[in-house]
Amino acid sequence: MAEIGNLKKIASQVRRDIVRMVHKRQSGHPGGSLGCADFFTALYFDQMHLDASDFDMNGIDEDLFFLSNGHISPVFYSILARKGYFPVEELNTFRAINSRLQGHPTTHDNLPGIRVASGSLGQGLSVAIGAALSKKLRNDNKLVYVLMGDGEQQEGQIWEAALYAGSRKVDNLIATIDYNGQQIDGAVDDVMPLGDLAAKYRAFGWEVIEFDGNDMQAVVNTLELAKTNVGKGKPQLLLMKTEMGMGVDFMMGSHNWHGIAPNDEQLEKALSQLEETLGDY
Amino acid sequence: MKYTIQNHKDTRSGFGDGLLEIAKENENIVGLCADLTGSLKMNAFADAFPERFFQTGISEANMIGMAAGLTIGGLIPFTGTFANFSTGRVYDQIRQSVAYSNKNVKICASHAGITLGEDGATHQILEDVGMMRMLPGMTVIVPCDYNQTKAAVKAIAAHQGPVYLRFGRPKVPNFTSVDAPFEIGKAIKLIEGADVSIIATGHLVWKALEAAEALAKENIHAEVINIATIKPLDEEALIQSVRKTKCVVTAEEHQANGGLGDAVAQMLAQKMPLPLEMVAIKDVFGESGTAEELMKKYGLDTTDIVKAAKNVLKRK
């Protein structure tokens, strides 16, 4: 296991990457990306078995990750680049013409690390179930991870997939919900309350673990715990409480930074709060 | 008639039998079905390979997403449900998770068109070919009989990339050669003729042959071409035919908007503009009735092809 302090340093650099990417293009989704930086860091730099130097779509004998809420592409791209899937300098091309770093992630331009397009919400859990079943059929004992948004839980397909995974005991699947409580139009509780999500997933046959997604030790501990539950007949749902905009004080606490970019002054202010640890690209 | 009816069989049985055969040869074939295993004739496959069959219940969106995920690792998923639920209901899932993501999913769709019959317009999709044609990278196949459907299943299993395979419910004349290989993207000239090209797909191919026979009695020699692959369209074969005949009738069990006629018209308008008539559904929904009654009422019968041929000949 990586040292927690080291993971925190990586997460800080990832947060710098996120605000710089979105600032440069004046386009993108910084809020949710910042909130999930700790989770992505723990997953890719500590938990998953993968080979970033030799990306293969089939991912045989590797753990797989799917991002269902594709709009938080900045954190995904930063993590993939920092992990070595593609040059860090390529983050400069985020959302630009002729870039592999499309607004929402896609396999279309063969960007290493991406296994399915996402952006239109509600589809990633189904894809992850398929990939998990594929691993079972091949006696590949590696795991499948998927991250979803909380607002995304309003999509009907999510519940088709939740029903399938619970009923069919897809127990090599670890799904996480970024429960930051915000969506474009406002607080999830105002736009369309989700009720007791943990109870709903439990009723669908899932093992549910709730944790603080902005406490690196808690993130690592939860992912470790989830691994011990694999193969016990239930898919797992990690209900991850995060703060949208975490790490940048003025981006926290509201839905306002879901999909807008910081100006020059705001960028400087944000970067002053985030330690440069691995070196800016 | 140059062609003889070997028997009357449904094209969906061609799918089911083809799937079972190819699954025996290729262990990467898996099947998914959304509560229509019997209707899709997938039971034999499901019984023979229970571990490779995924019953999703009535959740088509999840089924398409799961199919996309199953490709990761090298499996070749075949999804099965009615054409309506295979396309319109799950268009966005196909668009993002399958087509844009270039996943090797075979979307197999039964009960297409009005020949679904008594269930009525809610289930009689007549827009599916158009929707699938519009997706970049999607191959669209509509075989004409049992034998050709069975052959098409084997061909699409060997093809890398997303495919939409459309077939139907009723028992129809089975007349193509039992051992004819299916070549994706190749038109098949069934009858040679110099006066008019009849370009047909699916259940309308047999009717086109009947129409050609009727026209021959009036000394009109129709060339009949079976287009089983609507996308990519065999442009070369079609241009070769119309260069000779100088006029075209298209025939299909689909809306004129978006279907085979649309594809042929679009191509010819750019490369060889010639008089063209479409035998297709004209911007209306279907209704309940027997398959044959509906084909008559909605203008998709042999006599409608004959009439269209005579009309287009006048415009030469």
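The model is predicted: local features need pLDDT of at least 70, side-chain atom pairs count only at pLDDT 80 or more, and totals for chains, interfaces and linings use all residues. Residues are numbered from 1 along each chain as its sequence is written, while chains are lettered from A and ligands numbered from 1 in the order in which they are written.

Start by selecting chain B. It has twelve helices and 14 strands (DSSP runs numbered from the N terminus: helices are H or I, at least four residues; strands are E, at least two). Along the principal axes, the C-alpha atoms of chain B fill a box of roughly 60 × 35 × 35 Å. Of its 316 residues, 60% are buried (20 or more other C-beta atoms within 10 Å of a residue's own, with C-beta atoms placed from the backbone).

Next, select strand 10, residues 196-200 of chain B. Five of the five residues are buried, so strand 10 is largely enclosed by the rest of the structure. B:Val196, B:Ile198 and B:Ala200 lie on one side, and B:Ser197 and B:Ile199 on the other.

Finally, show strand 13, residues 248-255, which runs parallel to strand 10 and is joined to it by four bridges. Look for B:Ala200 opposite B:Ala251 of strand 13.

Conventions. Buried ≥ 20, exposed ≤ 12 C-beta atoms within 10 Å, placed from the backbone. Pairing = 2+ DSSP bridges.
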